[in-house]
Amino acid sequence: MGIYVETRVRTGLDTLWERTQQFRQHRRWDVRFTDIDPLPTAPGEPRRFRYATRVLPFLAVSGTGVSAGEKHRPDGTRTSALRFASPHPLSLIKDGSGYWRYVPDGDTVRFVTGYDYLTRWGLLGRAVDRAIFRPLIGWGTAWSFDRLRLWCERGITPERALRQALAELAARLAAVALTAALTGPVTTCAVLALTLTLPPLPTTPAARRCLRRPPDRTARTAPRLLDRLEKSHDLDLPARPRRRVRPAAPTGSASLLRRARQR
C-alpha cells in the first residue's frame, strides 16, 4: 500500500527540475523535512544526502539517502529515484525507496511521486503506521506538492504559503470558537462542518488539489532507474551489533570423549 501523489504544474520543465532536485530548494517547500544536506559523493556516483525532520523543538529524527536522476530521456520525460533509511530509534520509518516522474503535457508538467517504506517496532509500528502515520505523511506529501505548484505558477514563496496557511487555519478556528461562545451547539456544529468542507483560498496550499490514486498501471510503475539504484548502491548505516554466541557446554558422550583427549 504505497503512497502516490500527482499534480499538474504550469511551469517549465527546467524550473520544476531545479526546485525539486536542488537540496536547498527542496527543503523549502517539502513539509516532511526540516533539513536536507548533501554528503560527500564520488564523481559520477549517485548523490548522497542526510535529511532530518524536527518533531519537537529539541528533537529531530534524521536519516540518510541516495538519489539519482535521468534528465535526458528519449520520450522527453525525466525521472529520479532514491533510497532512504534512518537508524534513529524514534523513527517509525526503517528504510524505503521512491521516485519522482516529470511528464510534459502541453503547457503543464505532470509531477508524480510514488514511494513506500518498512516500519520498525513490530506489530505496534505497523498498526500506528496504517492508522495514523501513513495517512498523515501522504497528506503532507500532497500539501507540499500544491505548495510547490503555487511557487512555480504564482510566484508565492513556500515561506509565504506557510504563513498564509497558518493564518487561514487560525481564522477558521476563531470562527468556530466565536460561534461556540455566542450560539448553541447546533450552530457551532454547522460552522465546524463548514470550516472543514470549505475549500482553502486559491493561494493557500491544499492537499485535496492533488491526485492521490494512480490513474493507470503505468503511473504507478516505478522507473527502472530505481531498480538499478537499489541493486548497486547501499546506504552508509551503522551495522547492527552481532550477538556473541557461546558454545554449548559438552554433554553426554561428547563430554566423555573430550575429557579422554585432555587426559
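**Exercise A**

Show why H1 and H3 are oblique to each other.

*Solution.* The model is predicted, so local features require pLDDT of at least 70 and side-chain atom pairs pLDDT 80 or more, while totals for chains, interfaces and linings use all residues. Numbering starts from 1 along each chain as its sequence is written, and side-chain values use heavy atoms, without hydrogens and water.

Step 1: identify the elements. H1 spans residues 13-21, and H3 spans 122-154 (helices, H or I, are DSSP runs of at least four residues and strands, E, of at least two, numbered from the N terminus).

Step 2: take the geometry. The axes of H1 and H3 come within 11 Å and cross at roughly 135 degrees (axes are lines fitted to C-alpha atoms over the stretch in contact, and angles between N-to-C directions run from 0 to 180 degrees).

Step 3: classify. The pair H1 and H3 is therefore oblique (under 35 degrees is roughly parallel, over 145 roughly antiparallel, 65 to 115 roughly perpendicular, the rest oblique).

Step 4: H1 contributes Leu16, Arg19 and Thr20, and H3 contributes Leu148, Trp151 and Cys152 (contact means heavy atoms within 4.5 Å).

Step 5: sort these residues by class. The contact of H1 with H3 holds 4 nonpolar, 1 polar and 1 charged residues (Ala, Val, Leu, Ile, Met, Phe, Trp, Tyr, Cys and Pro are nonpolar, Asp, Glu, Lys and Arg charged, the others, Gly among them, polar).

Is Leu16 buried or exposed, and with which residues is Leu16 in contact beyond four places in sequence?

*Solution.* Step 1: Leu16 belongs to helix H1.

Step 1: because its relative accessibility is 0%, Leu16 counts as buried (buried is under 20% relative accessible area, exposed over 50%, partly exposed in between, with a 1.4 Å probe and protein chains only).

Step 2: with neighbours within four places in sequence left aside, Leu16 touches Thr11, Tyr102, Val109, Phe111, Leu148 and Cys152. Of these, Leu148 and Cys152 are also on the H3 side of the contact between H1 and H3.

**Exercise C**

Describe how H4 packs with H3 and with H5.

*Solution.* Step 1: for H3 and H4, the axes come within 9 Å and cross at roughly 120 degrees. H3 is therefore oblique to H4.

Step 1: Trp143, Arg147 and Trp151 of H3 meet Pro158, Glu159, Ala161, Leu162 and Ala165 of H4. By class, this contact has 6 nonpolar, no polar and 2 charged residues. Trp151 of H3 is also among the residues in the contact with H1.

Step 2: H4 (residues 158-182) and H5 (residues 185-197) have axes 8 Å apart, at an angle of about 170 degrees. H4 and H5 are therefore roughly antiparallel.

Step 3: from H4 come Arg172, Ala175, Val176, Thr179 and Ala180, and from H5 come Thr187, Thr188, Val191, Leu192 and Thr195. These residues divide into 5 nonpolar, 4 polar and 1 charged.

**Exercise D**

Where does Trp121 lie, and what is its phi angle?

*Solution.* Step 1: Trp121 sits in the loop that links strand E7 (108-119) to helix H3.

Step 1: the phi angle of Trp121 is near 75 degrees, which is positive although the residue is not glycine.

Step 2: Trp121 counts as partly exposed because its relative accessibility is 42%.

Step 3: beyond four places in sequence, Trp121 is in contact with Pro89, Leu90, Ser91 and Leu92. For Leu92, 29 residues away along the chain, the C-alpha separation from Trp121 is 7.4 Å.

**Exercise E**

Which residues surround Glu70 and Gly2?

*Solution.* Step 1: Glu70 is part of strand E4 (residues 59-70), and it counts as buried because its relative accessibility is 19%.

Step 1: apart from neighbours within four places in sequence, Glu70 contacts Trp17, Thr77, Arg78, Thr79, Leu225 and Arg228.

Step 2: Gly2 falls in the segment before strand E1 (3-9). With the same exclusion of neighbours, Gly2 contacts Tyr115, Asp116 and Arg134.

Step 3: Gly2 and Tyr115 are 113 residues apart along the chain, and their C-alpha atoms are separated by 5.7 Å.

*Solution.* Step 1: the chain has 8 helices and 7 strands. Step 2: 41% of its 263 residues count as buried. Step 3: of the contacts with a separation of 6 or more, 60% join residues 24 or more positions apart.
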